[in-house]
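Please look over the sequence and the model before reading on.

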Amino acid sequence: MGTGTLAPSLKQALFAYTSFTLLYIFGQFRDFFRKRWSKASLKGYAPIRQDYEDFYTRRMYYRIHDCFNRPITGPPSSWMDVLERTPVNRQEPLTTTGKIKRCLNLGSYNYLGFASSDPYCTPRVLDTLSQHGWSLCSNRADAGTTPVHEELERELASFLGKEAALTCGMGFATNSAFLPVLATPGTLVLSDALNHSSIVAGVRAAKGTVRVFDHNDPEHLERLLRTALVEGQPRIHRPWRKVIIVVEGIYSMEGEVVDLAGFVAVAKKYKAYIWLDEAHSIGAMGATGRGVCEHLGVSSADIDVLMGTFSKSFGACGGYVAANKDVIDYFKAQCPAHLYATAMTPPAVQMVLSALRLITGADGSDRGAHKLSQLRTNANYFRSGLLRLGFNVLGDWDSPVMPVMIFQPAKLSATSREMLRLGVAVVEVGFPATPLLTSRMRVCISASHTRQDLDYALQLFDYVAERCDIRYGGDTARALANTGPKIQAV
Amino acid sequence: MASHMVPAVGEFLPRDALAWVEEIISTAWTTFKPGGRLHPQTFIESKGHLVVEAILLALISYLLFQGRQKPQRRKERPLSKEEVDELCEEWQPEPLVGKLTAAQAARPPHVITAVSGCSVEVDGKPTTSFASTDFLGFSNLEQGRQVCEEAIHKYGVGACGPRGFYGTMDVHLELEAEIARFMGAEEAILYSYDIATISSIIPAFANAKDLIVCDEAVNYSIQTGCSLSRARLLTFKHNDLADLQRVLEKVAAEDKRSRKPLNRRFIVVEGIYASLGDMAPLKELMALKEKFKYRLIVDESLSLGVLGQHGRGAADHFGIPPTAVEIVGASLGTALACIGGFCSGNREMVDHQRLSGLGYCFSASSPPYTAKVTLETFRALREEGPRLRERLAANAAAFRALAAGVPGLRVVGGEAAAASPVVHLQLDPAPETYEEGDLLLERVVAHVLKHHSILLATAKYSSVETRRPPPSIRRVRLRPVLVTALHEPRHLQAATTALTEAMAALRPR
């Protein structure tokens with residue numbers, strides 16, 4: 001997958017399976033005693049957490065739960081203050097000890113470095129705060145639309161090359177509340193196998209039918225689509241009303257860029273609509289930050305609905321959809337998020353607007369262009385550095401998301417704790433967010449990382465790789481290290 | 001004849017046995033020898049017909065008991081590539097979106113240019129607003145602005161990550177602790193979006209094997225949560241406890257018959273219903289829930305801060321102790337004047353959501369400045385809550401009384417709803433069709449805004465709602481008027497006068 005391989009080798013798979021089996025056996029053993037000696041649950045009520053559903057949480061997650069939910073204080077910029085917590089003690093909650101550890105941040109979604117105070121954005125944000133307050137206490141349709149909201153939507157639409165745009169206060173809800181509006185009964189939704197949980201929630205809540213195609217595989221999509229069009233709707237066999245293909249720009253767990261040209265070709269041939277989720281790629285990919293469409297040379301007019309979030313590249317919260325005017329008008333009339341949910345908080349709207357102006361250069365400086373090129377350079381430099389060290393790094397060149405394969409569950413916690421001790425905050429993802437054998441560490445690079453930061457991180461990665469033996473890329477990875485785009489010297 | 005065989009075995013068998021065997025053999029020989037009774041030739045001549053009859057009988061039985069066989073359908077030839085191409089070529093999709101109704105097209109996009117208390121500027125024109133959920137007037141807290149500024153300087157704007165991956169800030173933890181303290185619960189969990197709160201909570205605790213009984217008038221968020229959970233869903237008539245009892249008894253009777261293992265069961269209600277503005281009869285509900293052993297989920301979005309001695313919501317209003325309701329979910333965008341939502345309850349239940357609540361695990365956490373300002377609003381709620389709640393209740397009751405006098409409109413909710421600041425006004429008499437009523441109310445609201453500078457809002461519903469309209473009443477259009485503590489009696493009077501005039505102008509009787 002890109003510069004790495006997702007599937008473990010036989011040896012790695014065996015070790016991983018052995019790990020999990022041991023954990024399972026120990027877990028069952030402990031459960032046996034727990035059942036005999038734990039306090040009885042309320043009589044007449046089924047336990048609120050089901051035994052088998054909860055097994056993973058109780059017996060595996062809680063062993064390493066200090067690797068997740070780490071609290072910080074201050075902004076999540078390139079260096080951040082992580083609050084230290086008490087050590088793991090069975091299932092007791094962890095509390096902060098009061099000590100702070102300054103860490104290099106390789107985990108937050110801070111692609112363009114907007115996480116902390118910015119000389120252009122912050123004054124404007126504070127202005128909007130004094131003018132409109134921090135909450136409008138109303139849904140958008142009733143009394144929640146301010147000039148800032150409208151301005152942002154206009155500028156966003158023109159940035160993305162679409163007729164109109166609509167914002168929402170939460171990125172997750174931009175998929176889960178907007179997709180059901182389109183996926184009416186009789187609609188076929190074709191969703192990539194590795195789509196985000198918000199897309200899955202959106203299509204499950206919808207009344208249309210969903211079918212899943214293999215990850216990033218336009219051929220499989222075409223086969224599925226042909227069969228579906230011939231057979232019609234399930235049970236009644238009437239023709240489908242419409243078909244919507246849902247893909248993401250960058251898949252954050254794989255760091256991979258979508259084969260957009262392939263999907264657009266299929267969509268055009270079979271008259272299907274495309275919904276593109278650019279949560280991680282907007283502002284991070286493309287020469288001017290316009291996302292994967294620009295990066296891959298696909299016209300944004302070919303994508304029916306462009307969706308994205310503001311929490312990653314724009315340093316705020318919320319999400320947007322951009323499409324033709326009639327589609328956006330329909331969303332304004334029908335979308336539950338627009339009609340029921342509190343409007344996006346005005347300071348965050350202004351943050352996005354200012355960040356957008358910075359990115360396009362409308363603020364009169366070249367800081368935006370500099371940030372975009374810095375991000376690309378940093379991403380490629382770090383990826384090439386990791387590959388040279390022999391790691392198995394997934395994803396494509398230019399992508400700022402780099403999953404490093406770990407495979408063994410125990411090494412997840414070992415690397416996470418060791419890196420924290422050394423002063424680098426990384427994100428580890430394991431089962432059930434990923435398939436059982438493919439645990440990984442995910443690195444997110446930011447434009448605000450300096451070359452020294454990256455070199456420091458690479459040194460520490462090297463050290464941890466020695467101690468934990470996680471150089472799963474081997475010679476293949478080393479061979480790929482110099483195949484990326486040329487990196488400017490600093 | 002047979003006797004020659006006897007000496008061969010004679011050495012091994014006792015005398016009597018030998019005699020007995022000899023007798024059997026000689027009898028058999030007598031029967032089967034030519035001329036004997038059962039010799040084949042004699043048998044066939046005298047009883048041969050029996051054999052034929054037996055065979056025929058066997059054949060008939062076989063044919064009778066053989067199953068019916070359907071004629072084999074010839075397997076259809078699979079379609080060729082060209083045929084599939086042709087079918088795909090022929091197929092035409094509908095447009096991506098449908099058409100808007102007349103009422104939806106008539107909705108003007110109000111742009112709020114400034115907010116100050118209950119007065120807002122709509123498109124530059126000062127108006128009195130009855131469309132904001134800021135029931136206690138906290139969206140203007142002086143300290144709030146300062147706190148936000150400091151937080152934006154310290155933390156930036158966004159949290160840049162989900163709670164699991166460095167999106168947890170100390171302010172989030174502080175806010176969760178404060179919410180737990182306020183609600184009298186063991187622990188609380190913060191969500192970053194109000195409609196994602198309940199719709200993440202319900203699927204975390206209910207799956208296909210479980211049962212949810214909810215009021216038929218619940219909001220979209222609860223409906224989505226119930227459908228995402230894939231649990232069996234039963235509804236009872238709005239606020240009708242007799243109907244709820246009937247449903248619970250029906251399920252109990254099914255239990256007796258089926259002997260399935262005990263599953264998780266929930267009753268879901270709202271503190272103040274968003275769609276009707278009245279309150280759930282929680283006291284009696286608690287009794288039913290205890291009797292039938294169900295867990296209660298209450299959505300206190302509109303009642304938090306508004307009802308109850310401590311401001312904890314509808315449960316507090318009815319004197320129910322805080323730990324009695326198992327799962328309490330609420331929005332922080334209403335009386336708390338911020339964004340997001342929370343769930344409070346015991347530690348086991350709340351902790352489970354940290355891994356199973358979709359809106360918590362897979363979403364960026366709320367911006368730190370919003371968490372910081374919510375802490376400030378909670379402080380204000382503790383200090384000034386009782387006084388403001390009294391004013392709010394007085395305003396709500398006054399408005400309901402005044403609005404009852406507007407001809408052509410009816411106030412939803414009787415005596416029990418007197419304290420609720422969410423006042424729904426229905427057209428009375430009911431209009432012919434839903435669309436007609438919708439359009440008329442949009443026109444009334446536009447008229448009131450233009451001529452009287454009062455901002456009201458029609459109740460808008462999405463087509464994706466799975467609400468089942470009550471079968472007995474024809475579905476009529478509703479409009480919520482949101483009364484806040486900041487409104488003065490003159491505002492309430494002005495609103496009702498405006499409504500009266502508008503109704504007279506647009507729907508003359």
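What percentage of the contacts in chain A with a separation of 6 or more is accounted for by residues 24 or more positions apart? In this predicted model, such residues account for 71% of those contacts in chain A.

## Chain A as a whole

Chain A contains 18 helices and 16 strands, and its C-alpha trace spans about 60 × 60 × 50 Å along the principal axes. A compact globule of 490 residues would have a radius of gyration near 23 Å, and because chain A has 23 Å, its value agrees with that expectation.

Of the 490 residues in chain A, 63% are buried, while the accessible surface of the chain comes to about 17900 Å², with 54% of that area belonging to carbon and sulfur atoms.

## Helix 17 of chain A

Helix 17 of chain A covers residues 451-468, and its 18 residues reach 25 Å from the first C-alpha to the last, close to the 26 Å expected at 1.5 Å a residue. Its buried residues include A:Leu454, A:Leu458, A:Phe461 and A:Ala465, and also A:Arg451 and A:Asp453.

The buried residues of this helix pack against several elements of chain A, among them strand 3 (96-105), helix 15 (367-388) and helix 16 (409-422). After helix 17 comes A:Asp469, which has a positive phi near 55 degrees.

## A surface patch on chain B

On chain B, the residues B:Val51, B:Val52, B:Ile55 and B:Leu56 form a nonpolar patch on the surface, and together they have about 360 Å² of accessible area. B:Val51 lies in helix 3 (residues 40-65) of chain B, and it counts as partly exposed because its relative accessibility is 40%.

Notes. Residues numbered from 1 in each chain as written. Chains lettered and ligands numbered in written order. Predicted model: local features only at pLDDT ≥ 70, side-chain atom pairs only at ≥ 80, totals over all residues. Heavy atoms only, no water. Patch = residues over 30% accessible without salt bridge, like charges linked within 9 Å, V, L, I, M, F, W, Y side chains within 5 Å. Areas by Shrake-Rupley, 256 points an atom, 1.4 Å probe, with all protein chains shown as cover. Salt bridge = Lys/Arg side-chain N within 4 Å of Asp/Glu carboxyl O. Helix = DSSP H or I, 4+ residues; strand = E, 2+ residues; numbered from the N terminus. Buried < 20%, exposed > 50% of the residue type's maximum accessible area, 1.4 Å probe, protein only. Rg over C-alpha atoms; globule rule 2.2 N^0.38 Å. Contact = heavy atoms within 4.5 Å. Expected span 1.5 Å × (residues − 1).
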